[in-house]
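Colleague: I would like to go through this model term by term. Please set each value against its cut-off.

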Amino acid sequence: MSKNTPKAIRGTQDIFGADAEAFAYVVETFERVRKLYRFRRVEMPVFEKTEVFSRAIGETTDVVSKEMYSFEDRGGDSLTLRPEFTAGIARAFLTNGWQQHAPLKVAAHGPLFRYERPQKGRYRQFHQIDAEIIGAAEPQADVELLAMADQLLKELGIEGVTLHLNTLGDADSRENWRAALIEYFRAVKGDLSEDSQERLEKNPLRILDSKDRRDKVFLADAPKIDDFLTDEATAFFESVTSGLDAAGVKWQRAESLVRGLDYYRHTAFEFIPDEGSAAADALGAQSTVLGGGRYDGLMESLGGPATPAVGWAAGIERLAMLVGEKGEPQPDIVVVVEDDDMIATGQSAVSAIRNAGLSAEIIGTGGKKKRFDKAVKLGSHVIIAMSDGERRLRYQTEGPVRERLVAALKDLGLN
Ligand code: ATP
Ligand code: MG
């Protein structure tokens, strides 16, 4: 690399090899599972007007106040690279009249951008899978959404990750809890982190989410939401938890779990690796793999009608770190052309094989003696060598895969 070759932007990744296979495996599994739950795919713009995020997520959140990639375009509009999916999907719901489809179950995946300090499992361009149910007020929606997340993790083969569940109550419960938190933290204001001192009056719930040691010592004794829940909010939470039990989804109560964003009501949750588990070792300090909750107030913040909704998002990179090594799959068949006169025969064989739905590689360049060795190294099940005017077959594996390939080659007249 020469000195004047431009470098990649800090916090971006060029994903390749085993990491890219693990990434694709997460997305493919998500695609399969979202179809089982009948979520519809949406493709969303990567950028939106800045106000979509600042109004939906809230000015006082870290995401809006510190992490957004915002810029003025050539027309003078303030635009922002999306830091999350939910706000853009909510905007689309309103601007496209998707109310007619409510309750609407949608799924999306793709890149997101946050100006954060890059470290293991934390990037400036990262990727999420995302699922939302919009226009559904019933706790059954929360249950279905959580059952889907749980099944996804199981199908990915991820173990040692537990659903931590909380309720933030309805607007009244939340308001009373908020007032009690302000009173509690005001008494120790001087000992809190600078960030939390600032959060205190504007957004005290977020102090509970703080990772700063100076704040953490006060968290255990802070007022608990359960003391402020209205009867309605209690009943809602009970329906969610009994639904989860019925669906066989294991969960654990997490009284001080709040989510970083302003728009949450009622259910809030995170899937977090268990202490001491392999998943916790793999992820280090960046522990939450999947998080979300109910955001009944969000549509109104974008000027829409009150619209209950619930959703979650998970970092694809963090999930990919937990799925274990996913090697690049070996080809079913390799065609080696050692006799240059047979190149056309080789080419027609390899295209017949691919048209029949089998994966194949053709090797017909480079030193003739090395071509066969290259084919062996690719680790295919079957090698077809074209040499001295003849076609020769070599089987590299035993068992059912080989049986299947032998039958297919026979159909193609290549045996
Ligand atoms: P954290 O507390 O780790 O900053 P968050 O609360 O900001 O997470 P959400 O906004 O809920 O995260 O996003 C959902 C998921 O997206 C997270 O659980 C995580 O898996 C992933 N995620 C969030 N930010 C990043 C990032 N900068 N790099 C990689 N993955 C991320
Ligand atoms: Mg964050």
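Colleague: How many helices and strands does the secondary structure of the chain come to?

Modeller: The chain has 15 helices and 15 strands. Helices (H or I, at least four residues) and strands (E, at least two) are DSSP runs, numbered from the N terminus. This is a predicted model, in which local features need pLDDT of at least 70 and side-chain atom pairs count only at pLDDT 80 or more, while totals for chains, interfaces and linings use all residues. Residues are numbered from 1 along each chain as its sequence is written, chains are lettered from A and ligands numbered from 1 in the order in which they are written, and side-chain values use heavy atoms, with hydrogens and water left out.

Colleague: What box do the C-alpha atoms of the chain fill?

Modeller: Roughly 90 × 55 × 45 Å, taken along the principal axes.

Colleague: What share of the chain counts as buried?

Modeller: Of the 415 residues, 48% do. Buried means under 20% relative accessible area, exposed over 50%, and partly exposed in between (1.4 Å probe, protein chains only).

Colleague: Why is A20 called partly exposed?

Modeller: Its relative accessibility is 24%. The class in between starts where buried, under 20%, ends, and exposed needs over 50%. A20 therefore counts as partly exposed. The residue belongs to helix α1, residues 17-36. The C-alpha atoms of A20 and E328 are 9.0 Å apart, although 308 residues separate the two along the chain.

Colleague: What makes R38 and D388 exposed?

Modeller: R38 has a relative accessible area of 65%, and D388 has 62% relative accessibility. The cut-off is over 50%, so both count as exposed. R38 is in the loop between α1 and β1 (40-41). D388 is in the loop between β14 (382-387) and β15 (390-395). Phi is positive in each: near 60° for R38, which is not a glycine, and about 50° for D388, also not a glycine.

Colleague: What makes β2 and β3 edge strands?

Modeller: The open sheet of three strands has the order β2-β4-β3, with antiparallel pairing. β2 (47-49) and β3 (69-72) each pair on one side only. The twist averages 30° from one strand to the next. Four bridges join β3 to β4 (residues 78-81), and S70 has T80 as its bridge partner in β4.

Colleague: At what angle does helix α2 run to β2?

Modeller: About 75°. Angles run from 0 to 180 degrees between N-to-C directions, and axes are lines fitted to C-alpha atoms, for helices over the stretch in contact. Helix α2 (residues 50-57) lies across β2, β3 and β4.

Colleague: How do you know that E84 has no salt bridge?

Modeller: A salt bridge is a side-chain nitrogen of Lys or Arg within 4 Å of a carboxyl oxygen of Asp or Glu. R114, the nearest side chain of opposite charge, is 5.3 Å away. (Lys and Arg count as positive and Asp and Glu as negative; His and the chain ends are not counted.) At that distance E84 has no salt bridge, yet it is buried. Its side chain reaches the backbone nitrogen of A87 at 2.8 Å.

Colleague: Which side chain makes a polar contact with E317?

Modeller: That of Q13, at 2.8 Å. A polar contact is a pair of N or O atoms within 3.5 Å; within protein, one must be able to donate a hydrogen and the other to accept it, and residues adjacent in sequence count only if both atoms are side-chain atoms. E317 is also buried without a salt bridge, with R318, the nearest side chain of opposite charge, 7.2 Å away.

Methods
Two strands pair if DSSP finds at least two bridges between them. Contact means heavy atoms within 4.5 Å.
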